[in-house]
Amino acid sequence: MEVPGSSKKMIATQEEMVEAKVPLAYRDQCAHLLIPLNKCRQAELYLPWKCENERHSYEKCQYELLMERMLQMQKIKERASLNHSQSKGAAFPVIPKTANA
């Protein structure tokens with residue numbers, strides 16, 4: 001399944017995420033890495049020095065998604081500023097004039 005606007009595909013299915021009890025906020029393109037990480041954490045009693053490989057791969061995936069979203073936002077801002085500079089006369093003023101001014 002593809003997510004619009006993202007280069008990464010969803011690997012984990014909804015059924016897998018429900019079965020693994022992944023919270024809704026974490027059901028993104030990195031959920032397929034979170035499921036084994038959580039299983040490892042439970043098996044190792046959440047010891048911080050355990051499951052380092054799983055945690056690293058999950059955090060790297062999250063970082064890549066964040067960088068991708070930031071790049072998309074930068075492109076949107078550039079497009080908006082370009083459109084704003086082209087139609088400067090037709091745009092509404094940021095600070096409206098009062099009735100007395």
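1. Overall layout. The elements of the chain run α-α-α from the N terminus on. The count is 3 helices and 0 strands. Helices (H or I, at least four residues) and strands (E, at least two) are DSSP runs, numbered from the N terminus.

2. Basis. This is a predicted model: local features need pLDDT of at least 70, side-chain atom pairs count only at pLDDT 80 or more, and totals for chains, interfaces and linings use all residues. Residues are numbered from 1 along each chain as its sequence is written, and side-chain values use heavy atoms, with hydrogens and water left out.

3. Of the 101 residues of the chain, 18% count as buried. Buried means under 20% relative accessible area, exposed over 50%, and partly exposed in between (1.4 Å probe, protein chains only). Take the contacts with a separation of 6 or more: residues 24 or more positions apart account for 38% of them. Contact means heavy atoms within 4.5 Å.

4. Disulfide count. The chain has 2 disulfides. A disulfide is a pair of cysteine sulfur atoms within 2.5 Å. With bonded cysteines counted along the chain, the pattern is 1-4, 2-3.

5. Cysteine 30 to cysteine 61. The sulfur atoms of this disulfide are 2.0 Å apart. The torsion about the S-S bond of cysteine 30 and cysteine 61 is about -90 degrees, so the link is left-handed. Cysteine 30 lies in the loop between helix 1 (14-19) and helix 2 (31-43), and cysteine 61 lies in helix 3 (residues 52-86), so the pair ties together parts that are 31 residues apart in sequence. Cysteine 30 is buried, at a relative accessible area of 0%. Cysteine 61 is buried too, at 4%.

6. Cysteine 40 to cysteine 51. Here the S to S distance is 1.9 Å. The S-S torsion is -95 degrees, and this link is left-handed. Cysteine 40 is in helix 2 and cysteine 51 in the loop between helix 2 and helix 3, 11 residues apart; the pair links distant parts of the chain. Cysteine 40 counts as buried at 16% relative accessibility. Cysteine 51 counts as buried at 11%.

7. Helix 2 against helix 3. The two helices pack at an angle of about 150 degrees, and their axes are 9 Å apart. That makes helix 2 roughly antiparallel to helix 3. Axes are lines fitted to C-alpha atoms, for helices over the stretch in contact, and angles run from 0 to 180 degrees between N-to-C directions. Angles under 35 degrees count as roughly parallel, over 145 as roughly antiparallel, 65 to 115 as roughly perpendicular and the rest as oblique. The crossing of helix 2 and helix 3 is left-handed. For a crossing, left-handed means that the near helix is turned anticlockwise from the far one by less than a right angle; right-handed means clockwise.

8. Who meets whom. Helix 2 brings Leu33, Leu34, Leu37, Cys40 and Arg41 to this contact, and helix 3 brings Glu54, Arg55, Ser57, Tyr58 and Cys61. The residues of the contact of helix 2 with helix 3 divide into 6 nonpolar, 1 polar and 3 charged. Ala, Val, Leu, Ile, Met, Phe, Trp, Tyr, Cys and Pro count as nonpolar, Asp, Glu, Lys and Arg as charged, and the others, Gly among them, as polar.

9. Serine 57. This residue is found in helix 3. Serine 57 counts as partly exposed, at 28% relative accessibility.

10. Glutamine 29. This one sits in the loop between helix 1 and helix 2. Glutamine 29 is buried, with a relative accessible area of 9%. Not counting residues up to four places away in sequence, glutamine 29 touches Val3, Ser6, Lys8, Lys9, Met10, Cys61 and Leu65. Cys61 is a partner in one of the disulfides.

11. Positive phi. Most residues other than glycine have a negative phi. Lysine 21 is not a glycine, yet its phi is positive, about 55 degrees. Lysine 21 is in the loop between helix 1 and helix 2 and counts as exposed, at 70% relative accessibility. Tyrosine 46 also has a positive phi, near 60 degrees. Tyrosine 46 lies in the loop between helix 2 and helix 3 and is exposed, with a relative accessible area of 54%.
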